Structure formats: structure tokens, C-alpha cells
Amino acid sequence: MFGKKKIKPIKRKKGTFQDYAEAILFAFVVAMLIRNYTFQNFKIPSSSMEKTLLIGDYLIGNKLKYFFTEPEREDIVIFYYPADPEFPEPKERYWRITGPIYWDKEKWLPKWYSKKNIVKRVIGMPGETIEIKNKQVYMDGKKYTHPNEQYIDNRIIPREAGGCTWDNGICYGSRDNFGPVTVPENEYFVMGDNRDVSGDSRYWGFLPRKDITGTPAIITFSKGEPPIENIRYYYLKQQGLLHEKSSIRWERTFRIPK
């Protein structure tokens, strides 16, 4: 008696379109994870960190450092801008896959979204009290200076003028006379080296530790106009009324920002 012949299940072959879609999605996810957690290219767009970092500096950001160590005073840190929306907008259009990777329900495509990265220097550590008097920074009552800090505006804005208002609606003073404020646990007070034109912790508050993503590792290329020397030139440039010759700054190539 002959046994029944086993029928092998028929394997359906994936379509070419599905193969391509899966490969593209996999490559996208891998590329985004590398970009988000290891190294990333940046270009400096503003003069808030001059003359440490100039407009037109291209640099590589090290995103691994703060997985293993904690930020220290005077570190230059890359972080997510706290005032940016937490999710892509409109929120109902996107579904979060993981981390900064979202799915666009309308276009039916993956989307990378995270708050924009900006760069400042750590000034105040958790638990310290920060106060600014006539541009001078004081930490726990002691004067603090950094060799790279600079001021391009000779005016001293009095505390009563205000202007440095945080999201909670509290005004802690002006650009040049601010505080005192005490830095909470797991947060930092950061400032730009170009103190008179930097939008930093004086304006939007303390920087949460979780928002710090890395540190500038090396400048790979630099091209742009000369740094701003005074507030008048700064305002003229902001209004598009002043243009200087742009040039390649070879001396900045492969410089490590400090």
C-alpha cells in the first residue's frame, strides 16, 4: 500500500516593490539611528558662540560622549532647543515608530523629526545659584569668567528693563542683570560665548540633562564672513543691510573647539 504523497506548501515570493520598500525602510531606520546616537555633521548658523564657533563652521558632533560621562562646567554641548515642539505638527498626522522616527499617515512614508540642535557652553551646574550683574556672571556669589566670553555691546541693560522671560511667564531680569536663580537637579544653565547676542538660559530657562545630545568634536571646514565686532554691525547684518566678503578659513580646519 502506498502512503499519501506529502504536498509541499507553496511559498509565495515577495513582489519586487515589497523588496525595495523593505530595503529602503531598513536603510532609513539604520541611517537615522546612526545619525541620532553616534556622530552627526553640523553647520553653525548664528554668531552666538563667536569667536569659539563661527557662522559657516562645519563640524562633527560626538553623540557618544554623554552616554558614558556627565557634562562638566565649560563643556560645549549640543542639545535639543527646549522651545521647539516635542512632536512634528500637526501632531495627529504622525504616528511615532521609535525615538525620532515617525510615520506620516498622509504621505505613507517614514519621517525623521527632532527638535533642532543648538550649541552653547555649560556655565551653571545643578545646585548652583547663578546671578548676572552688569554682564558679569556670579556663581554662588563668586565671580566667574571664561577666557572665550566676549561682549560686543557697550550698553548695560538694567534689570528693570526686563526681557529675559521664561516659559512660565516669570521675568528674572534683563540680558545684563539677571537672577539670582538656582539650577535644579539634572539641569544646567548654559550661555553662548558671544554673550550680548546669545539666546540661552537667560531667555528660555534651564537645560534638562535629557536634552543634551553631544559635543562638537572637530571643525572639518569653515567658510564665511568675518566675525561680528560690534552690535551695530550685528543689527545691520540681521537686517540684510551689510554683506562682507566670504572666504574659506583654512586655519580653522581640523580645529578642536574648546
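1. Two strands are taken to pair if DSSP finds at least two bridges between them; helices (H or I, at least four residues) and strands (E, at least two) are DSSP runs, numbered from the N terminus. This is a predicted model, in which local features need pLDDT of at least 70 and side-chain atom pairs count only at pLDDT 80 or more, while totals for chains, interfaces and linings use all residues. Residues are numbered from 1 along each chain as its sequence is written, and side-chain values use heavy atoms, with hydrogens and water left out.

2. The three-stranded sheet. Strands S4, S5 and S6 form an open sheet in that order, with antiparallel pairing. Strand S4 (94-98) and strand S6 (109-112) are at its edges and have a single partner strand each, so one side of each is left without a neighbour in the sheet. From one strand to the next the twist averages 35°, where axes are lines fitted to C-alpha atoms (for helices over the stretch in contact) and angles run from 0 to 180 degrees between N-to-C directions. S4 is joined to strand S5 (residues 101-104) by four bridges in the antiparallel sense, and Arg96 has Tyr102 of S5 as its bridge partner.

3. The four-stranded sheet. A second open sheet has the order S10-S9-S8-S11, and here too the pairing is antiparallel. Its edge strands, S10 (142-144) and S11 (178-182), each pair on one side only, and the twist averages 25° from one strand to the next. Strand S8 (residues 129-133) pairs with S11 over three antiparallel bridges, with Phe178 of S11 as the bridge partner of Ile132. Four bridges join S8 to strand S9 (residues 136-139), again antiparallel, and the partner of Ile130 in S9 is Met139.

4. The hairpin of S8 and S9 has two residues between the strands, and within it Asn134 takes a positive phi near 50°.

5. Lys120 deserves a separate look. Lys120 is placed in strand S7 (residues 117-124), and it is buried yet has no salt bridge, the nearest side chain of opposite charge being Asp200 at 5.5 Å. A salt bridge is a side-chain nitrogen of Lys or Arg within 4 Å of a carboxyl oxygen of Asp or Glu; Lys and Arg count as positive and Asp and Glu as negative, while His and the chain ends are not counted. Which partners does the side chain of Lys120 reach, through the side chain of Ser198 and the backbone oxygen of Gly199? The side chains of Lys120 and Ser198 are joined by a polar contact of 3.1 Å, and the backbone oxygen of Gly199 is reached at 3.4 Å. Leaving aside residues up to four places away in sequence, Lys120 also touches residues including Asp75, Phe79, Met191 and Asp200, contact meaning heavy atoms within 4.5 Å.

6. Backbone geometry to check. Most residues other than glycine have a negative phi, and most peptide bonds are trans. The peptide bond from Glu50 to Lys51 is cis, with omega near 5°, and Lys51 lies in the loop between strand S1 (39-43) and strand S2 (57-62). A further cis peptide bond joins Gly179 and Pro180, with omega about 10°, and Pro180 lies in strand S11. Glu74, in the loop between helix H2 (65-68) and strand S3 (76-80), has a positive phi near 80° and is partly exposed, with a relative accessible area of 34%. Asn186, in the loop between S11 and strand S12 (187-191), likewise has a positive phi, near 65°.

7. The ends of helix H4. Asn230 caps the N-terminal end of helix H4 (residues 231-238), with a side-chain oxygen 3.1 Å from the backbone nitrogen of Arg232. A polar contact is a pair of N or O atoms within 3.5 Å; within protein, one must be able to donate a hydrogen and the other to accept it, and residues adjacent in sequence count only if both atoms are side-chain atoms. After H4 comes Gly240, whose phi is positive, near 75°.

Conventions: Buried means under 20% relative accessible area, exposed over 50%, partly exposed in between (1.4 Å probe, protein chains only).
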